[in-house]
Amino acid sequence: MADNRQNPSILVVHGPNLNMLGKREPEHYGSRTLDDINDALRAKAVELGLQVSTFQSNHEGEIVEAIQDAVGRIRGLIINPAAYTHTSVAIRDAVLLLDVPTIEVHLSNIHKREPFRHRSFIADIATAQISGLGASGYLFALEALAQLIT
């Protein structure tokens with residue numbers, strides 16, 4: 001793995017439909033947009049001495065490729081696989097390629113939602129899971145990664 005101790009790099013991966021935040025089901029996901037979340041992450045990263053890159057896709061293969069491209073280049077991963085949380089072995093296998101702390105984030109509490117949302121293919125391989133704290137969950141994840149890698 002690359003030595004990024006000077007400027008630890010964190011990849012944030014947003015799954016399908018998260019590009020519609022602020023418009024889609026605000027009772028579950030809040031009114032903040034994905035751009036709002038990414039801007040807040042970048043600002044917090046500066047405070048923490050980290051670099052953050054963000055990626056969103058509605059396509060499973062593109063998410064897999066983004067994670068594969070990060071191998072050896074990042075020190076931590078924040079991932080909200082969204083609907084793929086409950087279905088994607090491919091994303092799970094890509095995350096397993098990374099030898100970095102990984103925090104799974106969900107805006108809503110997946111355990112208080114429909115039963116099919118209770119199972120995560122990422123949870124057992126993630127360092128931690130933050131669920132139900134809205135957009136703040138991403139910032140908490142970034143703070144946790146800062147503590148784990150610096």
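## A residue and its contacts

Which residues does isoleucine 78 touch, not counting residues up to four places away in sequence? Its partners are Ile10, Leu11, Val12, Val13, Ile103, Val105, Tyr138, Ala141, Leu142 and Leu145, where contact means heavy atoms within 4.5 Å.

Isoleucine 78 lies in strand S3, which covers residues 76-80. The residue is buried, and its relative accessible area is 0%; buried denotes under 20% relative accessible area, exposed over 50%, and partly exposed the range in between (1.4 Å probe, protein chains only). Glutamate 62 is 16 residues away from isoleucine 78 along the chain, and their C-alpha atoms are 16 Å apart.

## Basis of the model

The model is predicted: local features require pLDDT of at least 70 and side-chain atom pairs count only at pLDDT 80 or more, whereas totals for chains, interfaces and linings use all residues. Residues are numbered from 1 along each chain as its sequence is written, and side-chain values use heavy atoms, with hydrogens and water left out.

## Overall fold

The chain contains 5 helices and 5 strands, arranged from the N terminus as β-α-α-β-α-β-α-β-β-α. The radius of gyration is 14 Å, close to the 15 Å that the globule rule gives for 150 residues, so the chain is as compact as a globular protein of that length. Helices (H or I, at least four residues) and strands (E, at least two) are DSSP runs, numbered from the N terminus. The radius of gyration is taken over C-alpha atoms, and the globule rule is 2.2 Å times the number of residues to the power 0.38.

Along its principal axes, the C-alpha trace spans about 40 × 30 × 25 Å. Of the 150 residues, 48% are buried. Among contacts between residues at least 6 apart in sequence, 78% join residues at least 24 apart.

Strand S4 (residues 102-106) is largely enclosed by the rest of the structure, because 5 of its 5 residues are buried. Thr102, Glu104 and His106 point one way from S4, while Ile103 and Val105 point the other way.

S3 and S4 run parallel and are joined by 3 bridges; two strands pair if DSSP finds at least two bridges between them.
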